[in-house]
Amino acid sequence: MNNYIETIPIHSYQTNQFAEATVPSIFNFMLEAAWAHAQKMDWGYDLLQRQKMFWVLSRLYVEIEKFPKWQEKINLNTWSAGTDGMYAYREFILKNENGEVILTGNTAWLILDTESKKIVLLKDQKESFPRFNGHDVCREPKRLRLKKTNTDLVYKPVLFSEIDVNHHFNSIKALERVLDDYGVDFQNQHEAATVEINYLKEGLPGDHLAVSRNSLSATKYQSALIRESDQAELSTFEIEWRKKKTNDLTNP
C-alpha cells in the first residue's frame with residue numbers, strides 16, 4: 001500500500017472561535033492517519049507492541065496555506081518516505097474540497113524499545129522499508145537549537161487528560177500548551193504559517209512543565225517545554241505567524 005488517503009469532515013469541536021480547524025486538530029488528523037497507515041503496512045502499534053517496541057514522533061515541519069472551516073471536508077494523503085537507518089520519514093499533503101493544497105508536512109519518527117527506551121535502529125531495513133516517492137512536499141524537519149531565556153517560568157503539573165497510550169505526556173497536548181502561552185489577543189490577530197517541532201525527551205505523570213518563549217524575528221518565535229525537576233528541554237517549537245485576514249468573531 002503505497003499511500004493512505006482519507007476524507008475527513010471538520011466538526012465543531014475541532015475548531016476555534018473563527019470556526020476554523022485548530023492546529024492541534026489538524027495535527028491529530030495527521031498522527032491518526034500515520035498510525036492507520038503503519039498498521040496496514042505491518043509496521044503498526046499492535047505489531048511493535050508484541051515486539052516490545054513503539055513509535056514516537058521525533059520531528060515535524062508543516063507549511064499551512066489555509067485553515068479548513070467547520071462543516072468542510074479535507075482530503076489527507078500520506079505516505080512512508082523511507083528511512084535513513086534511524087529516522088523513518090513520513091510526508092503529508094492536505095487539500096480542501098476544491099482540490100487546493102492547504103497544508104504540506106514532513107515528519108521524522110523513531111522506534112523505541114519499551115523497556116530500555118533506547119532507539120531501535122532501522123539500518124537493516126534501510127532498503128526494504130516502505131518508501132513512496134511523493135511530490136510537492138515541504139522540506140524535512142531539522143534539528144532546532146534552543147535559545148535560552150532568563151524569564152521566570154511557571155510550572156504546571158502533567159494532567160490525567162494529557163497522558164497518551166504510551167503513558168507519556170501527549171505530543172499534541174504539548175503543542176496546546178505552547179499555543180495557549182501566546183494568549184487570546186495574539187491569536188485573534190495572527191495564525192500559524194509554519195510550525196516546526198522537535199520532541200526530545202518524554203514527559204511523565206508527576207512532572208511539572210513550563211513554557212519558555214523567545215522572539216527569533218518580527219514574525220517567528222521559539223518555545224520550549226521545560227521540566228522543573230531537572231530543567232530538561234522536553235520539546236522545542238518554532239512557529240512563524242502571519243496576520244489573520246479577518247478578526248470577525250461572529251458566529252458562522
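## Close-up views of a predicted model

**View 1. Glu 162 sits in the loop between S6 and H3.** This is a predicted model in which local features need pLDDT of at least 70 and side-chain atom pairs count only at pLDDT 80 or more, while totals for chains, interfaces and linings use all residues. Residues are numbered from 1 along each chain as its sequence is written, and side-chain values use heavy atoms, with hydrogens and water left out. Helices (H or I, at least four residues) and strands (E, at least two) are DSSP runs, numbered from the N terminus. With a relative accessible area of 8%, Glu 162 is buried; here buried means under 20% relative accessible area, exposed over 50%, and partly exposed in between, with a 1.4 Å probe and protein chains only. The Glu 162 side chain reaches the backbone nitrogen of Leu 159 at 2.9 Å. That is a polar contact, a pair of N or O atoms within 3.5 Å; within protein, one must be able to donate a hydrogen and the other to accept it, and residues adjacent in sequence count only if both atoms are side-chain atoms.

**View 2. Helix H3 spans residues 171-180 and is largely enclosed by the rest of the structure.** Seven of its 10 residues are buried: Ser 171, Ile 172, Ala 174, Leu 175, Arg 177, Val 178 and Leu 179. Look at the N-terminal end of H3 for its cap, Asn 170, where a side-chain oxygen lies 2.8 Å from the backbone nitrogen of Ile 172.

**View 3. Helix H1 has 18 residues and reaches 26 Å from its first C-alpha to its last.** That is close to the 26 Å expected at 1.5 Å a residue, where the expected span is 1.5 Å times one less than the number of residues. Among the buried residues of H1 are Phe 27, Phe 29, Met 30, Leu 31 and His 37. Just after H1, Asp 42 takes a positive phi of about 65°.

**View 4. An open sheet of 10 strands has antiparallel pairing.** Follow the order S1-S3-S4-S5-S2-S7-S10-S9-S8-S6 across the sheet. Its edge strands, S1 (3-9) and S6 (156-157), each pair on one side only. Two strands pair if DSSP finds at least two bridges between them. Strands S7 (residues 190-199) and S10 (residues 233-243) share nine bridges in the antiparallel sense, and Trp 241 in S10 is the bridge partner of Ala 192.

**View 5. Strand S5 is largely enclosed by the rest of the structure, with 11 of its 13 residues buried.** S2 and S5 run antiparallel and are joined by 11 bridges; Met 53 stands opposite Asp 113 in S5. Eight bridges join S4 to S5, also antiparallel, and here Ala 88 stands opposite Trp 109. The hairpin of S4 and S5 has five residues between the strands, and Gly 99 takes a positive phi near 85° there.

**View 6. The largest cavity has a volume of about 150 Å³.** On a 1 Å grid over the protein atoms alone, a cavity is a set of points where a 1.4 Å probe fits but cannot get out, and a pocket is an open set with protein on both sides within 12 Å along at least five of seven lines; lining residues have an atom within 4 Å of a point. Grid points are joined across faces, edges and corners, and a volume is the space filled by probe spheres set on the points. Helix H1 (23-40) and strand S4 (88-95) each supply at least two lining residues of the largest cavity. Its lining includes Trp 35, Trp 43, Trp 55, Arg 90 and Trp 109. By class, the lining has 10 nonpolar, one polar and one charged residues; Ala, Val, Leu, Ile, Met, Phe, Trp, Tyr, Cys and Pro count as nonpolar, Asp, Glu, Lys and Arg as charged, and the others, Gly among them, as polar.

**View 7. The largest pocket holds about 880 Å³ of space.** Of its 39 lining residues, Val 56, Leu 57, Ser 58, Ser 171 and Tyr 199 are the closest to the centre. Elements giving two or more residues to this lining are H1, S2 (53-64), S5 (101-113), H3, S7 and S10. S2 gives the largest share, six residues.
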